Amino acid sequence: MALDQSFVGRTYPPTAPYEVGREKIREFAEAVGDANPAYTDTETAKSLGHPDVIAPPTFVFSITFKAARQVVEDPQLGLDYSRVVHGDQKFAYVRPVRAGDRLTVTSTIEAIKSLAGNDVLDVRGEVHDELGEHVVTAWTKLVARAAEEA
(Lines give C-alpha, C1' and ligand atoms only; values in the text may rest on other atoms or scores of the structure.)
Protein backbone atom coordinates (compact mmCIF):
# COMPACT_ATOMS: atom_id res chain seq x y z
CA MET A 1 0.00 0.00 0.00
CA ALA A 2 1.39 3.42 -0.98
CA LEU A 3 2.41 5.86 1.71
CA ASP A 4 -0.03 8.65 2.55
CA GLN A 5 0.73 11.82 0.54
CA SER A 6 -0.73 13.96 3.33
CA PHE A 7 2.51 13.41 5.25
CA VAL A 8 4.44 15.60 2.79
CA GLY A 9 5.43 18.72 4.69
CA ARG A 10 5.14 17.10 8.11
CA THR A 11 7.88 18.31 10.45
CA TYR A 12 8.97 16.38 13.52
CA PRO A 13 10.27 17.91 16.77
CA PRO A 14 13.99 18.74 17.05
CA THR A 15 16.20 16.03 18.49
CA ALA A 16 18.00 16.34 21.79
CA PRO A 17 21.39 18.04 21.32
CA TYR A 18 24.22 15.83 20.09
CA GLU A 19 27.64 16.96 21.28
CA VAL A 20 30.30 16.48 18.62
CA GLY A 21 33.52 15.16 20.13
CA ARG A 22 37.06 15.20 18.76
CA GLU A 23 37.37 11.44 19.22
CA LYS A 24 34.15 10.77 17.28
CA ILE A 25 35.45 12.95 14.44
CA ARG A 26 38.82 11.16 14.47
CA GLU A 27 37.16 7.73 14.48
CA PHE A 28 34.86 8.69 11.62
CA ALA A 29 37.73 10.13 9.54
CA GLU A 30 39.70 6.92 10.06
CA ALA A 31 36.68 4.76 9.20
CA VAL A 32 36.16 6.54 5.87
CA GLY A 33 39.90 6.66 5.14
CA ASP A 34 40.23 10.45 5.10
CA ALA A 35 43.62 11.53 6.45
CA ASN A 36 42.94 15.30 6.27
CA PRO A 37 44.77 16.67 9.35
CA ALA A 38 42.00 19.25 9.93
CA TYR A 39 39.94 16.30 11.19
CA THR A 40 42.48 15.18 13.80
CA ASP A 41 44.88 18.00 14.59
CA THR A 42 43.61 21.09 16.42
CA GLU A 43 46.54 23.26 15.35
CA THR A 44 46.01 22.41 11.67
CA ALA A 45 42.30 23.20 12.00
CA LYS A 46 43.10 26.52 13.72
CA SER A 47 45.59 27.42 10.98
CA LEU A 48 42.70 27.01 8.54
CA GLY A 49 40.51 29.40 10.55
CA HIS A 50 38.48 26.89 12.58
CA PRO A 51 38.20 27.05 16.39
CA ASP A 52 38.76 23.27 16.70
CA VAL A 53 38.98 20.16 14.52
CA ILE A 54 36.25 19.87 11.90
CA ALA A 55 34.34 16.81 10.76
CA PRO A 56 34.43 15.21 7.31
CA PRO A 57 31.43 16.30 5.22
CA THR A 58 29.58 13.00 5.58
CA PHE A 59 29.97 12.86 9.39
CA VAL A 60 26.62 14.58 9.87
CA PHE A 61 24.86 11.62 8.23
CA SER A 62 25.04 9.66 11.48
CA ILE A 63 23.20 12.45 13.28
CA THR A 64 20.60 13.19 10.61
CA PHE A 65 19.84 9.54 9.88
CA LYS A 66 19.29 8.90 13.58
CA ALA A 67 16.93 11.90 13.64
CA ALA A 68 15.04 10.50 10.65
CA ARG A 69 13.99 7.60 12.88
CA GLN A 70 11.15 9.82 14.06
CA VAL A 71 9.83 9.69 10.49
CA VAL A 72 10.60 6.03 9.85
CA GLU A 73 9.05 4.92 13.15
CA ASP A 74 5.92 7.09 12.85
CA PRO A 75 3.17 4.44 13.08
CA GLN A 76 0.72 6.69 11.23
CA LEU A 77 3.05 6.86 8.21
CA GLY A 78 3.10 3.06 7.98
CA LEU A 79 6.56 2.64 6.44
CA ASP A 80 7.78 -0.98 6.46
CA TYR A 81 11.41 -0.38 7.42
CA SER A 82 12.32 -4.02 6.82
CA ARG A 83 11.96 -3.25 3.09
CA VAL A 84 13.89 0.06 3.14
CA VAL A 85 17.17 0.73 1.35
CA HIS A 86 19.10 3.98 1.37
CA GLY A 87 18.62 5.62 -2.02
CA ASP A 88 20.58 8.88 -1.94
CA GLN A 89 22.17 11.47 0.32
CA LYS A 90 22.98 15.17 -0.19
CA PHE A 91 24.37 17.89 2.06
CA ALA A 92 24.38 21.69 1.83
CA TYR A 93 26.72 23.26 4.36
CA VAL A 94 26.65 26.75 5.85
CA ARG A 95 29.80 25.93 7.84
CA PRO A 96 31.69 22.78 8.81
CA VAL A 97 30.66 20.69 11.80
CA ARG A 98 33.31 21.09 14.48
CA ALA A 99 34.29 19.53 17.77
CA GLY A 100 32.30 21.04 20.60
CA ASP A 101 29.19 21.71 18.52
CA ARG A 102 25.90 20.78 20.18
CA LEU A 103 23.66 19.99 17.25
CA THR A 104 19.93 19.41 16.93
CA VAL A 105 18.14 18.07 13.86
CA THR A 106 14.62 18.85 12.71
CA SER A 107 13.31 16.36 10.15
CA THR A 108 10.68 17.16 7.52
CA ILE A 109 9.13 14.86 4.93
CA GLU A 110 9.74 16.66 1.62
CA ALA A 111 8.27 14.16 -0.82
CA ILE A 112 6.57 10.80 -1.08
CA LYS A 113 6.42 9.05 -4.44
CA SER A 114 5.39 5.65 -5.66
CA LEU A 115 7.60 4.27 -8.45
CA ALA A 116 7.08 0.78 -9.86
CA GLY A 117 5.38 -0.24 -6.65
CA ASN A 118 8.21 1.10 -4.50
CA ASP A 119 7.64 3.93 -2.01
CA VAL A 120 10.26 6.68 -2.21
CA LEU A 121 10.51 8.99 0.78
CA ASP A 122 12.59 12.19 0.84
CA VAL A 123 13.48 13.49 4.30
CA ARG A 124 15.18 16.85 4.90
CA GLY A 125 17.18 17.27 8.12
CA GLU A 126 17.91 20.84 9.21
CA VAL A 127 20.90 20.89 11.57
CA HIS A 128 21.35 23.82 13.97
CA ASP A 129 23.90 24.54 16.68
CA GLU A 130 23.17 25.49 20.29
CA LEU A 131 22.76 29.15 19.30
CA GLY A 132 20.10 28.18 16.76
CA GLU A 133 22.38 28.93 13.83
CA HIS A 134 21.95 26.80 10.73
CA VAL A 135 24.96 24.52 10.12
CA VAL A 136 23.89 22.11 7.36
CA THR A 137 20.90 20.68 5.57
CA ALA A 138 20.91 16.96 4.77
CA TRP A 139 18.55 15.23 2.36
CA THR A 140 18.02 11.49 2.70
CA LYS A 141 16.16 9.40 0.14
CA LEU A 142 14.72 6.13 1.41
CA VAL A 143 13.23 3.50 -0.86
CA ALA A 144 10.78 0.95 0.54
CA ARG A 145 10.91 -1.90 -1.94
CA ALA A 146 7.61 -3.30 -3.14
CA ALA A 147 6.52 -6.52 -1.49
CA GLU A 148 7.34 -9.58 -3.56
CA GLU A 149 4.35 -11.27 -5.09
CA ALA A 150 3.62 -14.78 -3.86
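User: Leaving aside its neighbours within four places in sequence, with which residues is phenylalanine 65 in contact?

Analyst: In this predicted model, phenylalanine 65 is in contact with Tyr81, Thr140 and Leu142, once neighbours within four places in sequence are set aside. Phenylalanine 65 belongs to helix α3. Its relative accessible area is 24%, and phenylalanine 65 is therefore partly exposed, since the partly exposed class begins where buried, under 20%, ends.

User: How is a pair of aromatic rings described?

Analyst: Two values are used: the distance of the centres and the angle of the planes. The structure holds 3 aromatic pairs. In one of them, phenylalanine 28 and phenylalanine 59, the ring centres are 5.5 Å apart and the planes stand at 85°, so this pair is edge-to-face.

User: Where in the chain do phenylalanine 28 and phenylalanine 59 lie?

Analyst: Phenylalanine 28 is in helix α1, whereas phenylalanine 59 is in the loop between α2 and α3. The two are 31 residues apart, and the pair thus links distant parts of the chain. Phenylalanine 59 has 3% relative accessibility and counts as buried.

User: Why is the pair of phenylalanine 91 and tyrosine 93 called tilted?

Analyst: The planes of these rings are at 40°, with the centres 6.3 Å apart, so the pair is tilted. An angle under 30 degrees would count as stacked, and one over 60 as edge-to-face. Phenylalanine 91 is partly exposed at 25%, and tyrosine 93 is partly exposed at 32% relative accessibility.

User: Which residue lies over the face of tryptophan 139?

Analyst: Lysine 90 lies there, at 5.5 Å from the ring centre.

Technical notes:
Residues numbered from 1 in each chain as written. Predicted model: local features only at pLDDT ≥ 70, side-chain atom pairs only at ≥ 80, totals over all residues. Heavy atoms only, no water. Phe/Tyr/Trp six-rings, centres within 6.5 Å; stacked < 30°, edge-to-face > 60°. Helix = DSSP H or I, 4+ residues; strand = E, 2+ residues; numbered from the N terminus. Buried < 20%, exposed > 50% of the residue type's maximum accessible area, 1.4 Å probe, protein only. Lys NZ or Arg CZ within 6 Å of the ring centre and 35° of its normal. Contact = heavy atoms within 4.5 Å.
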